[in-house]
Amino acid sequence: MTSTSPRFVALVALLSIAACKSQESQGTPPAPSAASTASAAPSAPTNDDASAAAPADGGGAEAQAPKRAIPRNAGNVTMILSAINSLDLRDPEKNQKLDAIAKSFTETDGTRDEGRKIHDELSAQVKAGKIETAKLEPLYAELEKAAKEAHDKEVVALDGIYAALGPIERTTIANQLQQKLTNRDAHLAKARPDAGSPADERKQVAERMAKNLGLDEAQQKKVEAVLPTNERQRMEADREEDKKNTTALLAAFAKDGFSAKTLPFRDPKKLRVPFQEQARVFAQLLPILKPEQREKLAASMTHARGPHFGGPRGPMGKPGPHGPHGWGDHEP
């Protein structure tokens, strides 16, 4: 069902499974517009909603609403549970249910581990100087399977969270998250630099690679010719899909009759696309590079943190924030 402004990125600064859904589901995600949810809000608090606004008696530690630990790899569940922590929720039964949902997720949930396996295999192939797509296929299948399982688990958890909260609480959460989504979009639109045409971006990336990998002029021209031409458009399309899906989730969450399984979410098969694009570019790039240059390129991937390609110490500079959705954003 789950990123930052698209600025065409340097090779190897890719991968964020997503993320996932997440990703992307990393950081503090979004939040339905007040207009879209106002009609769903009850005119007066019910007993179910009393804990959302109940003042503390005494002010002692035991009188404060508990703050639960939030799972990191739970997609939209992470987003909503984080927002619930802002509520003054003191109903013991509700908190018990929400705690159980939060604790049902583990560090291995999501697609981070599977994305990392693909990253490691690609890094090894770059170091060896040959891309073997046949070895990547079973890893793509594992990634898609993990994404499907994560989605199924997320559906159950979202329905459980919805059932645990009252109408006012659900609407408050939905409006709060939608406002965050709106604010983030406004910030990104203001902060987003003009990256120029795709040709300009490819040239800039090739220049950075020439500097960081020690390419000569002839190599730089060849590298520029094999870099992706539609990365910005693909990243924008993915981002818009994620935004649309998140907005649909929040609008539904504020209304009666919520059912998470009816909500749109990204096709797991799309998660392999950025990896396949990486493999395609690497396959054309490696014959251009000298052995020592391939070593630098592989080293930058080894230094990658999380699911990102190209660590901050690598020749490609900082990893981008897009997870599996792109080549990254913030090169030096």
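**Exercise 1. Helix 5 and helix 6**

Determine how helix 5 and helix 6 are oriented to each other in this predicted model, and describe their contact.

*Solution.* 
Step 1. Two packed helices are described by the angle between their axes and by the distance between those axes.
Step 2. Helix 5 and helix 6 (residues 133-164) pack with their axes 8 Å apart and at an angle of about 165°.
Step 3. Angles over 145 degrees count as roughly antiparallel, and helix 5 and helix 6 are therefore roughly antiparallel to each other.
Step 4. The crossing of helix 5 past helix 6 is left-handed.
Step 5. On the side of helix 5, the contact is made by E114, G115, K117, I118, E121, L122 and Q125. Helix 6 contributes K135, L136, L139, Y140, E142, L143 and A146.
Step 6. Sorted by class, the residues of the contact of helix 5 with helix 6 are seven nonpolar, two polar and five charged.

**Exercise 2. Helix 3 and helix 7**

Carry out the corresponding analysis for helix 3 (residues 76-84) and helix 7 (residues 167-191).

*Solution.* 
Step 1. The axes of helix 3 and helix 7 come within 10 Å and cross at roughly 110°.
Step 2. The range from 65 to 115 degrees counts as roughly perpendicular, and helix 3 and helix 7 are therefore roughly perpendicular to each other.
Step 3. Helix 3 passes helix 7 in a crossing that is right-handed.
Step 4. M79, I80, A83 and I84 of helix 3 make the contact with I173, Q176 and L177 of helix 7.
Step 5. The residues of this contact of helix 3 with helix 7 comprise six nonpolar, one polar and no charged.

**Exercise 3. Salt bridges**

How many salt bridges does a search of the whole structure find? Examine R72 with E107, K135 with E132 and E241 with R266.

*Solution.* 
Step 1. The search finds 21 salt bridges in the whole structure.
Step 2. In the salt bridge of R72 with E107, the closest N and O atoms are 2.6 Å apart. R72 lies in the loop between helix 2 (50-53) and helix 3, and E107 in the loop between helix 4 (92-103) and helix 5 (112-128), so the pair ties together parts that are 35 residues apart in sequence. With a relative accessible area of 57%, R72 is exposed.
Step 3. K135 and E132 form a salt bridge through their side chains, at 3.4 Å from N to O. K135 counts as partly exposed, at 45% relative accessibility. E132 also counts as partly exposed, at 31% relative accessibility.
Step 4. In the salt bridge of E241 with R266, the closest N and O atoms are 3.8 Å apart. This pair links distant parts of the chain, 25 residues apart: E241 is in helix 10 (residues 231-253), and R266 is in the loop between helix 10 and helix 11 (273-285). R266 counts as buried, at 8% relative accessibility.
Step 5. A network of salt bridges links E137, E144, K269 and R272.

Notes: Residues are numbered from 1 along each chain as its sequence is written. This is a predicted model: local features need pLDDT of at least 70, side-chain atom pairs count only at pLDDT 80 or more; totals for chains, interfaces and linings use all residues. Side-chain values use heavy atoms; hydrogens and water are left out. Axes are lines fitted to C-alpha atoms, for helices over the stretch in contact, and angles run from 0 to 180 degrees between N-to-C directions. Helices (H or I, at least four residues) and strands (E, at least two) are DSSP runs, numbered from the N terminus. Angles under 35 degrees count as roughly parallel, over 145 as roughly antiparallel, 65 to 115 as roughly perpendicular and the rest as oblique. A crossing is left-handed if the near helix is turned anticlockwise from the far one by less than a right angle, and right-handed if clockwise. Contact means heavy atoms within 4.5 Å. Ala, Val, Leu, Ile, Met, Phe, Trp, Tyr, Cys and Pro count as nonpolar, Asp, Glu, Lys and Arg as charged, and the others, Gly among them, as polar. A salt bridge is a side-chain nitrogen of Lys or Arg within 4 Å of a carboxyl oxygen of Asp or Glu. Buried means under 20% relative accessible area, exposed over 50%, partly exposed in between (1.4 Å probe, protein chains only).
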